[in-house]
Amino acid sequence: MSKYCLSLVCPPTAAEALLDVLPASEGSDVFTSTHVHSHSASHAGLSTREQVMGRSQAVLVQVLMGEDALSALIERIRKNFAGVGIRYWASPVAIDGEIK
């Protein structure tokens, strides 16, 4: 079965709620989160400081999962986080494993 890495960039205010959804999502093998800066040509929704800096605070969440679970999770996020401004993309995973 093909695996994908789903990357989600969300505002810090939505991060905890998004992270709460992931453990309950079927097919998510592992996920990580980290604080990042988000860069965009659009300044909509940015504070004055963020506009001057040209970036905003964000949280990057990456989830490793199968194709069927990927579609289901994206749909769940669409429904539960409408209007939040979460950006996402999925990339195929060539290889994954665990070194014990």
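Is D96 buried, exposed or partly exposed, and what is its relative accessibility? In this predicted model, D96 has 43% relative accessibility, so it counts as partly exposed. Let's see who it pairs up with.

**Salt bridges**

The protein has two salt bridges. Here they are:

| Salt bridge | Closest N and O atoms |
|---|---|
| D96 with K3 | 3.5 Å apart |
| R78 with E75 | 3.8 Å apart |

D96 sits in the segment after β4 (87–92) and K3 is in strand β1, so this pair ties together parts that are 93 residues apart in sequence. K3, at 23% relative accessibility, counts as partly exposed. R78 is partly exposed at 47% relative accessibility, and E75 is partly exposed at 36%.

**The overall layout**

Of the protein's 100 residues, 33% count as buried. If you take contacts between residues at least 6 apart in sequence, 79% of them join residues at least 24 apart.

In soluble globular proteins, nonpolar side chains tend to be buried together. Here, the largest nonpolar core has 20 residues, and L8, L18 and V61 touch the most other members. At least two core residues come from each of β1 (3–10), α1 (12–21), β3 (56–66) and α3 (67–80). Helix α3 gives the most, with five residues. Leaving out residues up to four places away in sequence, L8 touches several others, including L18, V61, I77 and Y88.

Key:
Residues are numbered from 1 along each chain as its sequence is written. This is a predicted model: local features need pLDDT of at least 70, side-chain atom pairs count only at pLDDT 80 or more; totals for chains, interfaces and linings use all residues. Side-chain values use heavy atoms; hydrogens and water are left out. A nonpolar core is a set of buried Ala, Val, Leu, Ile, Met, Phe, Trp, Tyr and Cys residues joined through side-chain atoms within 4.5 Å. Buried means under 20% relative accessible area, exposed over 50%, partly exposed in between (1.4 Å probe, protein chains only). Helices (H or I, at least four residues) and strands (E, at least two) are DSSP runs, numbered from the N terminus. Contact means heavy atoms within 4.5 Å. A salt bridge is a side-chain nitrogen of Lys or Arg within 4 Å of a carboxyl oxygen of Asp or Glu.
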